[in-house]
Amino acid sequence: APPPKPSLEALSKLGPAITLKGAEISEAILHGFKDIENRSVRLPIGWVALHTGKGRPDPQIGEAMRKFAPGLPLAADCPAGAVVGLGWVER
């Protein structure tokens with residue numbers, strides 16, 4: 001089932017954020033191509049902010065994201081060092 005749409009109240013209380021290394025990964029998540037992100041920290045179930053860091057992913061990761069998610073915008077055309085969207089944590 002798709003996640004619930006975030007309410008304005010939920011957005012105003014948004015707490016955790018995760019930083020993703022490079023726009024390729026952030027854009028793949030935001031466009032629905034990548035729905036799993038492994039983290040060693042346990043995040044609460046619910047909405048989290050997605051932050052694109054200024055760092056670049058390893059070249060193999062960037063290449064894999066472009067192959068896995070065709071049609072994504074170029075990393076140079078995407079914001080870095082900024083919150084770019086929301087992600088839903090299920091577990």
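Select helices α2 and α3 (residues 59-68): their axes come within 9 Å and cross at roughly 30 degrees. Helices here are DSSP runs of H or I with at least four residues, strands are E runs of at least two, and both are numbered from the N terminus. Axes are lines fitted to C-alpha atoms, for helices over the stretch in contact, and angles between N-to-C directions run from 0 to 180 degrees.

Before going on, note that this is a predicted model, where local features need pLDDT of at least 70, side-chain atom pairs count only at pLDDT 80 or more, and totals for chains, interfaces and linings use all residues. Residues are numbered from 1 along each chain as its sequence is written, and side-chain values use heavy atoms, without hydrogens and water.

**The helix pair**

α2 and α3 are therefore roughly parallel to each other (angles under 35 degrees; over 145 is roughly antiparallel, 65 to 115 roughly perpendicular, the rest oblique). Now show the side chains. Glu 24, Ile 25 and Ala 28 in α2 meet Ile 61, Gly 62, Met 65 and Arg 66 in α3. Contact means heavy atoms within 4.5 Å.

**The sheet**

Next, select the strands. They form an open sheet of three, in the order β1-β2-β3, with mixed pairing. Two strands pair if DSSP finds at least two bridges between them. At the edges sit β1 (17-20) and β3 (82-89), each pairing on one side only. From one strand to the next, the twist averages 35 degrees.

Zoom in on β1 and β2 (residues 46-52). They run parallel, joined by four bridges. Pick Ala 17: its bridge partner in β2 is Ala 49. Bring back helix α2 (residues 23-30), which packs on the sheet and touches β1, β2 and β3. The direction of α2 makes about 145 degrees with that of β2.

**The tryptophans**

Last stop: select Trp 47 in strand β2. Leaving aside neighbours within four places in sequence, its contacts include Pro 3, Pro 4, Leu 14, Leu 86 and Trp 88.

Now show the rings of Trp 47 and Trp 88. They form an edge-to-face aromatic pair, 5.2 Å centre to centre, with 70 degrees between the planes. Rings of Phe, Tyr and Trp (its six-membered ring) pair if their centres lie within 6.5 Å; planes under 30 degrees apart are stacked, over 60 edge-to-face, the rest tilted. Trp 47 lies in β2 and Trp 88 in β3, so the pair ties together parts 41 residues apart in sequence.
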